[in-house]
Amino acid sequence: MRYLLWFLLTSVALGQSWEPQSSGTTASLRGVSAVNANVVWASGSKGTYLHSSDGGTTWEAGQVPNAEGLDFRGIRAVDARTVYLVSSGPGDKSQIFKTADGGKTWSHQFTNPDAKGFFDAIAFWDAGHGIVVGDPVDGAFVVFTTEDGGVKWTRRQGPAAVAAEGAFAASNSSVVLRGKREAWFGSGGVAGARVFHTKDGGATWSVAATGIRNDSASAGIFSVAFRDGKFGMAVGGDYAKDKEAASNMARSASGGLKWEAGSGPKGFRSAVAYLASAKMWIATGTSGSDVSRDDGKTWTTFDAGAYNAMSFAGGAGWAVGPAGRVARLRMK
């Protein structure tokens, strides 16, 4: 009771809270993509996708035909009707699907050709140009790009990885894009916790260490976001120790060339985003959500619920998590 009272008072004081919504599914949700304040899509285990056209007041849950064995950890909605799904898993369990009619029909676009591969995230610069990043194969991260809306996916020369380094398919936000060809993605695992950067659509890459913890296979960077071309934030930690807050955040003021590590959010966080309309950063994970209004210098927890991923559009935002959990950010 004492904690509940503290939580309610803190949420009111901070001016935001996660407002739970009924998703209509019990699938584990790790992908969410908002189009605007009304239209939002989400995805998860057992071939599940979700769609709302009224801001989450009602959700329609569906299953991609013949995909019940796939875990859709990534989703990107280019517009209200055009949506891409990426499943994560070893070898051919990593696949890409697309709908162009709001989910009425889904077409299979691509299957991971590497038996040792594992797709981690998908993102699009625009309706035609997209990128998929996967765990290293033969010593290099896997990168595929498309220039025609996914009709063709082309393998690029991915950046070199160190031993035991990989990426995390936890929130579909380990990859972030800007402009027409710029992208960053974060890594994890022992010797990982690095941020890779391309300015030419994935043709060439640079890399920078962040100082985020990378002391186990379950630790590293889980999410990267940029406020503009210079200031960025990376969050993570160890998902197996989700209440530990040591070295779980890093900031960059140089477009990702250099990073300053710190301990900000109050535990492991799998997603971070900048909400421009409120001039604040939000981080979320399985042990809670935090907000920062001073570019990550200080963080305050405003929710203790478990969430995996977030997405914002037009000032509206949603988070998704285990057992079909969906919530909309409520600003007071």
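**Strand 7 and its setting**

Tutor: Residues 24 or more positions apart account for 50% of the contacts in the protein with a separation of 6 or more, a contact meaning heavy atoms within 4.5 Å. This is a predicted model, in which local features need pLDDT of at least 70 and side-chain atom pairs count only at pLDDT 80 or more, while totals for chains, interfaces and linings use all residues. Residues are numbered from 1 along each chain as its sequence is written, and side-chain values use heavy atoms, with hydrogens and water left out.

The protein has 1 helix and 28 strands, where helices (H or I, at least four residues) and strands (E, at least two) are DSSP runs numbered from the N terminus. For 332 residues a compact globule would have a radius of gyration near 20 Å, and the 18 Å of the protein agrees with that; the radius is taken over C-alpha atoms, and the globule rule is 2.2 Å times the number of residues to the power 0.38. Along the principal axes, the C-alpha atoms fill a box of roughly 55 × 45 × 35 Å. Of the 332 residues, 61% count as buried, that is, under 20% relative accessible area, with exposed meaning over 50% and partly exposed in between (1.4 Å probe, protein chains only).

The part to look at is strand 7, which spans residues 83–87 and has 5 of its 5 residues buried. In a regular strand the side chains alternate between the two faces of the sheet. In strand 7 both faces are covered, with Val83, Leu85 and Ser87 buried on one side and Tyr84 and Val86 buried on the other.

Strand 7 has pairing partners, and two strands pair if DSSP finds at least two bridges between them. Strand 6 (residues 72–77) runs antiparallel to strand 7 and is joined to it by 5 bridges, with Ile75 standing opposite Leu85 of strand 7.
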